[in-house]
Amino acid sequence: MEYNLADLFESVVDVVPDREALVYVDHPGTGAERRLTYAELDVAANRIAHHLLDSGLKAGDHLGLHLYNGIEYLQTVLACLKARLVPVNVNYRYVEEELVYLYNDADLAALVFEGEFTERVAAALPQTTRLRHLIRVGATPEGAPEPSIPPVAYADAEAAGSPKRGFAPRSPDDLFIIYTGGTTGMPKGVMWRAEDLFFAGLFGGDPSGEPVKRPEELAERVAARGAGLTFFPAPPLMHGTSTLTSFIAFNYGQRVVIHRKYAPEEVLRTIEKEKVSSVSLVGDAMLRPLIDALNGPLKGTDLSSLFSVSSSGAIMSETVRAEFQRLVPNVLLLNNFGSSESGSNGRATDDSGPEKGFRLQVNDRTQVVDPVTHEPVPVGRPGRLAQRGHVPLGYYNDPAKTAETFFQKGTERWVLLGDMATVDEEGIVTVLGRGSQCINTGGEKVYPEEVEQALKSHPDVYDALVAGVPDATWGNHVAAVVQIREGSPEPTLDEIQNHCRSKLAGYKIPRQLVITPAIQRSPSGKADYRWAKSVATEADSSA
């Protein structure tokens, strides 16, 4: 046995076949749900895997998952891994042009898609080059044009496939591709070997302890550990973090609960009903609505089972963490830090916040390096985060970007991340922000995340993004795009500036304030900086 994700999953199934593995709870208020044990999930994945192979797909072919959260999403990922196909996540918000790009860039041979997206799939399909097999989940909207390749109903595909395993031998080199980006440019497919993803993204089978030292040890630990934990990945599975969270739970032999879409009140009801232990989400955009619900219609919800709430992809600000901690005092709030290119890098320190910055205790594979020489930077000097060891092979179909981002140093492979950072004498890393979003104003560098933390600590600010707007005097000026709390008065620019002066250097203080009804983010809560810059620039030009 080797470090192959399908082999590892099957080894867990074999020691805890009757343990509940996956629960899907529909909402709002329908009461519909599905529950699968490890053995049932294994059989369900076998059936889809065999259908795909019987349909002519071969090991190494790429399959897109154009789906909302559901049993079918994780079932299909497992099916791909079993059949040695390569799963590829598809952002369900993409429109025709973006879908054509991704379908072609990823060389998709097959697509599993939500019936709701039939019209978009039908429009994109004639512009693709390799896509030849479609499977549709759920009903098609009335009047939607059918794709030129007739889709197979998911239920029919599952019924047609053998429930047995009987697959060809697998390898730790089998690929898993995570498409990332799209808010700052066209998405890129990060290519992970199964073994590297297991250790870098899935903590080597144990997120709270030592990684396993041999593949067989994973199932041995599961058999000895017992059940009792429930993981609830709240963001869309298409964003990678939630899928990896689900596999962390499977490798731990525990239960995963999922919702179709993020609905804060339903999330709280599910935590209470299913006795959820750990919730993963993405920053304030997901945590604030939970606070609103706990202060309003869901006040008094029993969250006593909840041990931790973790965020990846965006930070939970100090102000919002404090609000949630007041309502749910015994829950551990964790700001995890990582990326599609690195897996996990570390976790925010307890004193991370507007005054001291976003401070990380990084793992021993992460360093701050000079982006040119790749040597560690001296204490206090800005550099780029980098990670060594178990890192991806590169970007699919993009050798130029791969050469920019991945490098060899001695005997180890490294990935150079987009985050600027400094390191102090104790090895604590302060993340300054994404280099691509850095605002150059009057010769000084301003990182939006730092200013956003300060803005969110204002009592009337519900959410905020910061962007640079072209300025004849300063080159660019700092603009704050702000969503106000419901029922709160709109603050003036002077009030925002006075609030920020105690937390930020003068050159970082916003020179422009734009009030917007809502902050635009991805479905997972990640910032859309292109939108923020557009809104601020338009407001500045019309002023």
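I will take the helix pairs, then the strands, then some loop residues.

A word on the source: this is a predicted model, in which local features need pLDDT of at least 70, side-chain atom pairs count only at pLDDT 80 or more, and totals for chains, interfaces and linings use all residues. Residues are numbered from 1 along each chain as its sequence is written, and side-chain values use heavy atoms, with hydrogens and water left out.

Helices and strands here are DSSP runs, numbered from the N terminus, with at least four residues (H or I) for a helix and at least two (E) for a strand. Two packed helices are described by the angle between their axes and the distance between the axes. The axes are lines fitted to C-alpha atoms, for helices over the stretch in contact, and angles run from 0 to 180 degrees between N-to-C directions.

Start with helix H2, residues 38-54, and helix H3, residues 71-83. Their axes come within 8 Å and cross at roughly 60°. H2 is therefore oblique to H3. On the terms: under 35 degrees is roughly parallel, over 145 roughly antiparallel, 65 to 115 roughly perpendicular, and the rest oblique. The crossing of H2 and H3 is right-handed, meaning that the near helix is turned clockwise from the far one by less than a right angle. Contact means heavy atoms within 4.5 Å. On the H2 side, the residues that meet H3 include Leu-41, Ala-45, Ile-48 and Leu-53; on the H3 side, Leu-78 and Lys-82 are among them. The residues of this contact divide into nine nonpolar, two polar and two charged. Nonpolar covers Ala, Val, Leu, Ile, Met, Phe, Trp, Tyr, Cys and Pro; charged covers Asp, Glu, Lys and Arg; the others, Gly among them, are polar.

Next, helix H10 (residues 264-274) and helix H11 (residues 283-295). Here the axes come within 9 Å and cross at roughly 75°, so H10 is roughly perpendicular to H11. H10 contributes Pro-264, Glu-265, Val-267 and Leu-268, and H11 contributes Pro-289, Leu-290, Ala-293 and Leu-294. That contact has seven nonpolar residues, no polar and one charged.

Now the strands. Two strands pair if DSSP finds at least two bridges between them. An open sheet of three strands has the order S25-S26-S27, with mixed pairing. Its edge strands are S25 (461-471) and S27 (512-515), each pairing on one side only. The twist averages 25° from one strand to the next. S26, residues 475-484, pairs with S27 in the parallel sense over four bridges, and Ala-480 stands opposite Leu-513 in S27.

Is strand S9, residues 188-193, mostly covered or mostly open? Covered: five of its six residues are buried. Buried is under 20% relative accessible area, exposed over 50%, and partly exposed in between, with a 1.4 Å probe and protein chains only. S9 runs antiparallel to S8 (residues 175-180), joined by six bridges, with Tyr-179 opposite Gly-189. Two bridges also join S9 to S19, again antiparallel, and Val-190 stands opposite Tyr-395 there.

Last, the loops. Asn-397 lies between strand S19 (394-395) and helix H13 (399-405). Its phi is near 60°, positive in a residue other than glycine. Asn-397 is partly exposed, at 46% relative accessible area. Asp-107, in the loop between helix H4 (96-105) and strand S5 (108-114), counts as buried at 15%. Leaving out residues up to four places away in sequence, Asp-107 touches His-62, Arg-130, Tyr-396 and Asn-397.
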